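Subject: Structure handover, with notes

Hi,

Here is the structure I said I'd pass on.

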Amino acid sequence: MYTHHFQPCMLHPAACRVFLCLCLCFVPYMADLQAQTLSRRQCAQLARQLRSEWTDSVRRAMADSHAQRVIVRDAGPMRLHWTVFGDAPADGRSLYISLHGGGVAPPQLNDAQWQNQWQLYQPAEGVYLCPRPPFNTWDLHFRPELDEYYADLIRMMVVCEGVNPDKVYVMGYSAGGDGVWRLAPRLADRWAAASMMAGHPGDVSLVNLRNLPFMIWCGANDAAYDRNRECQRRMAEMDSLHRADPQGYVHENHLVAGKGHWMYRQDTVAVAWMARHRRNPLPDTIVWRQGDVPQRCMYWLQVPAAEMTRDREVRVRREGNRFDIDRADYSELTILLNDAMIDFARPVVVCYNGKQIFKGKLRRRAAVLRRTLYDRGDPSLMFSAELRVMLKKQGF
């Protein structure tokens with residue numbers, strides 16, 4: 001490493017040796033900094049510094065993608081088209097990710113559907129972005145490998161277009177609606193709101209939508225694949241979830257009378273409805289059930305990688321410094337925390353099924369700040385402390 005930097009050095013050799021010694025001395029200092037306990041003020045200062053460094057690193061990494069309007073990963077290129085509407089608000093722009101129709105069809109048809117999506121909706125403010133995934137399959141918008149594409153896309157728009165990460169919305173029509181049915185609950189902690197238009201829900205679970213405002217649009221006569229019946233069933237399910245938990249599952253149902261698969265743009269009001277909502281990255285209650293594409297984290301919870309299997313569920317409530325785990329199909333949970341969630345001067349209490357399993361004070365650590373920012377790639381999901389609680393043996 002040092003040969004690379006100092007071989008062409010124009011400094012006197014003695015000066016180079018001094019500088020090298022200083023660098024070598026600085027390495028353990030940086031390790032100590034990462035391990036040290038931080039005060040609230042130190043934590044806030046370091047968080048600002050890390051966000052600045054992270055922003056610079058993303059800008060460098062995504063410069064070509066932004067200029068060429070394409071995200072490239074192993075599965076191929078995801079082409080992007082976006083239009084910016086309105087003036088940028090003080091708290092940052094909105095981002096509307098709009099998924100096109102098509103599916104199992106020749107590439108030319110999916111390209112045409114993608115281009116049609118460019119003009120389909122128009123927010124009063126924000127970046128309206130239509131991705132063209134590198135697939136021509138029925139699941140072209142929600143294949144497992146696409147999660148990283150969407151993560152790259154959001155990071156790029158946050159850094160390069162001034163998007164507020166708490167104002168990212170997802171919507172889609174037909175095959176794009178199929179995508180919203182899957183992506184909304186799967187990546188629930190990414191979105192501020194979601195709107196599904198004319199898609200089929202399949203067997204997706206909706207319980208993860210507890211903190212995600214969700215709209216359902218379907219033509220009453222859209223009988224292909226029983227879309228109308230399946231959407232009505234899911235409308236009833238959302239109604240039931242909200243009745244059981246009135247503080248969650250904010251939603252609107254629209255079964256458009258007299259319309260088939262095309263709703264003659266009645267669904268365009270969904271854009272303004274979504275714009276009224278902001279993501280809460282630190283909700284008081286998390287309901288999280290693993291789907292067909294398992295996730296390691298959801299909001300401020302993390303589960304063991306080896307136990308990420310479909311239908312495993314966790315339900316946790318927090319009130320001040322108290323966390324109540326009502327259900328956990330895992331041997332352990334990691335709770336991520338920051339100053340917006342708890343008072344670090346007081347003990348944190350964790351109860352599992354009514355029984356206290358932890359009580360103690362936690363410390364802010366630089367290493368946790370850095371790791372959570374770079375692992376999640378989301379400035380709103382940056383944490384300064386973590387608490388790992390053991391629950392039960394595996395094999396349940």
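First, the ground rules. This is a predicted model, so to speak of local features I needed a pLDDT of at least 70 and counted side-chain atom pairs only at pLDDT 80 or more, while totals for chains, interfaces and linings use all residues. Residues are numbered from 1 along each chain as its sequence is written, and side-chain values use heavy atoms, with hydrogens and water left out.

**Cavity**

Rolling a probe the size of a water molecule over the atoms shows where empty space is left. The search ran on a 1 Å grid over the protein atoms alone: a cavity is a set of points where a 1.4 Å probe fits but cannot get out, a pocket is an open set with protein on both sides within 12 Å along at least five of seven lines, and lining residues have an atom within 4 Å of a point. Points are joined across faces, edges and corners, and a volume is the space filled by probe spheres set on them.

The count came to one cavity of 30 Å³ or more, and the largest cavity has a volume of about 50 Å³. Its lining is made of I154, R155, V158, P165, R190, R279, G377, D378 and P379. Helix α5 (residues 146-160) provides the largest share, three residues. Helices (H or I, at least four residues) and strands (E, at least two) are DSSP runs, numbered from the N terminus. By class, this lining has four nonpolar, one polar and four charged residues. Here Ala, Val, Leu, Ile, Met, Phe, Trp, Tyr, Cys and Pro count as nonpolar, Asp, Glu, Lys and Arg as charged, and the others, Gly among them, as polar.

The largest pocket holds about 600 Å³ of space. It is lined by 27 residues, and R190, Q295, C297, D375 and R376 lie nearest its centre. The elements giving two or more residues to that lining are α5, β11 (297-298) and α9. Of these, α5 gives the most, with six residues. The lining divides into 11 nonpolar, three polar and 13 charged residues.

The second largest pocket has about 330 Å³ of space. Its lining has 23 residues, with V204, G291, D292, V293 and R310 nearest the centre. Two or more residues each come from α6 and β10 (285-289), and α6 gives the most, with three. By class, there are nine nonpolar, five polar and nine charged residues.

Strand β6 (residues 163-173) is mostly covered, as 11 of its 11 residues are buried. Buried means under 20% relative accessible area, exposed over 50%, and partly exposed in between (1.4 Å probe, protein chains only). Two strands pair if DSSP finds at least two bridges between them. Strand β4 (residues 93-99) pairs with β6 in the parallel sense over six bridges, and L95 stands opposite V168 in β6. Strand β7 (residues 193-197) also runs parallel to β6, joined by five bridges, and S195 in β7 is the bridge partner of M171. From β6 the chain crosses through helix α6 (residues 175-186) to β7 in a right-handed β-α-β crossover. Right-handed here means that, with the strands pointing away from the viewer, the path from the first strand over the helix to the second runs clockwise.

**Single residues**

A198 has a positive phi near 60° although it is not glycine. A198 sits in the loop between β7 and β8 (214-219) and is buried, with a relative accessible area of 0%. R265, also not a glycine, has a positive phi near 65°. Its place is the loop between β9 (251-256) and α8 (270-275), and R265 is partly exposed at 38% relative accessible area.

What is P144 in contact with, leaving aside its neighbours within four places in sequence? The answer is R186 and V293, where contact means heavy atoms within 4.5 Å. P144 and V293 are 149 residues apart in sequence but 6.0 Å apart in space, C-alpha to C-alpha. P144 is in the loop between β5 (126-132) and α5, and counts as partly exposed at 49% relative accessibility.

Lastly, helix α9 (residues 366-376) has A366, V368, L369, T372, L373 and R376 as its buried residues. G377 follows α9, with a positive phi near 60°.

Cheers
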